[in-house]
Amino acid sequence: MEKLNVIAVLQARTSSTRLPGKVLKPLLGEPMIIRQLERLKHCRQLDKIIVATSDASSDDPLVSVLERAKAEVYRGSLNNVLDRFYNAATLYMAKHVVRVTGDCPLIDPVIVDEIVEMHLQEGNDYTSNCGKATFPDGLDVEVLSYSALKKVKENAKLPSELEHVTPYILNNPQNFKISYMKNNRDLSAMRWTVDEPEDFEFVEAVYDRLYPDNPNFLMKDILDLLDKEPELKNINCGFERNAGMNKSLKEDSRFLEKTS
């Protein structure tokens, strides 16, 4: 297999606790995961996109959809996402890996490219727009060098580190060269991710209005839409950002109590 410089590993599964099967929910006639792949294919900095899902039977329908779309698929551990992510990156011999998650159907390919460019130009171990959040929730992008990912795989132990892949880096910043991209204005209060039924309703509204005339709409186009129709923001307001991570941090506390 050829060595690749930058690959994206898109994590996806059907067994979401808050909105089961969300990645397969139809968005203008196509599963949400396919719409997200459409957007990622516009990235200029990616040599390949791999969907990393689980080997659980619950994800067989997802794999069928992806195979019909001729998407690259890697299957691994359901709960140890770090192991799944690392094995996918290792299989494709990537020098750098972009981490994106399957609940972000509004992901902006221009922002992905900008973060990859920043990562490569600065020679970073880890680069993201998730440090102090300034982008809408749902436009999160993380880039790791393979050597940093290998270090994470060898050392991560906390439940949050295994489920969310990158917390080991954030917990041990002294061991890595890290940079964060900040937006020119703080949009972190905006919620463009899909974890709840209301989130999907918001995303549907955005696609209904923008996709028919401009399938490649970007963050700026969504912001312009929300300026014209500010009531759309009320569809899914009031939910906690990073609820999944906060749940994992509670599991960390229980893990540390057991091992202390």
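A residue is called buried here when its relative accessible area is under 20%, exposed when over 50%, and partly exposed in between (1.4 Å probe, protein chains only). Helices (H or I, at least four residues) and strands (E, at least two) are DSSP runs numbered from the N terminus. The structure is a predicted model, in which local features need pLDDT of at least 70 and side-chain atom pairs count only at pLDDT 80 or more, while totals for chains, interfaces and linings use all residues. Residues are numbered from 1 along each chain as its sequence is written, and side-chain values use heavy atoms, with hydrogens and water left out.

Seven strands form an open sheet in the order E5-E4-E1-E6-E8-E7-E9, with mixed pairing; two strands count as paired if DSSP finds at least two bridges between them. E5 and strand E9 (178-180) stand at the edges with a single partner strand each, so one side of each has no neighbour in the sheet. From one strand to the next, the twist averages 20°. In general, strands of a sheet pair through backbone hydrogen bonds, either parallel or antiparallel.

E4 and strand E5 (residues 72-76) run parallel and are joined by five bridges, and Thr53 has Arg75 in E5 as its bridge partner. Five bridges also join E4 to strand E1 (residues 4-11), again in parallel, with Gln11 opposite Ala52 in E4. E1 in turn pairs with E6 in the parallel sense over seven bridges, where Leu10 has Val100 as its partner in E6.

Strand E4 (residues 48-54) is largely enclosed by the rest of the structure, because six of its seven residues are buried. Together with helix H2 (residues 60-68) and E5, E4 makes a right-handed β-α-β unit. A crossover is right-handed if, with the strands pointing away from the viewer, the path from the first strand over the helix to the second runs clockwise.

Axes are lines fitted to C-alpha atoms, for helices over the stretch in contact, and angles run from 0 to 180 degrees between N-to-C directions.

Leu82, Asp83, Phe85, Tyr86, Ala89 and Thr90 in H3 meet Tyr146, Leu149, Lys150, Val152 and Lys153 in H5. The residues of this contact comprise seven nonpolar, one polar and three charged. For this count, Ala, Val, Leu, Ile, Met, Phe, Trp, Tyr, Cys and Pro are nonpolar, Asp, Glu, Lys and Arg are charged, and the others, Gly among them, are polar.

Helix H1 (residues 32-40) is largely enclosed by the rest of the structure, because eight of its nine residues are buried. Among the buried residues of H1 is Met32, which is also a contact of Lys22. Lys22 sits in the loop between E1 and strand E2 (26-27) and is buried, with a relative accessible area of 7%. Beyond its neighbours within four places in sequence, Lys22 touches Ser16, Met32, Asp103, Val194 and Asp195. The C-alpha atoms of Lys22 and Asp195 are separated by 7.9 Å, although the two residues are 173 residues apart along the chain.

Other individual residues present a contrasting picture. Gln121, in helix H4 (residues 109-122), counts as exposed at 68% relative accessibility. Lys70, in the loop between H2 and E5, is exposed with a relative accessible area of 76%, and its phi is near 60°, a positive value in a residue other than glycine. Leu28, in the loop between E2 and strand E3 (30-31), also has a positive phi, near 50°, and is partly exposed with a relative accessible area of 37%.

Technical notes
Contact means heavy atoms within 4.5 Å.
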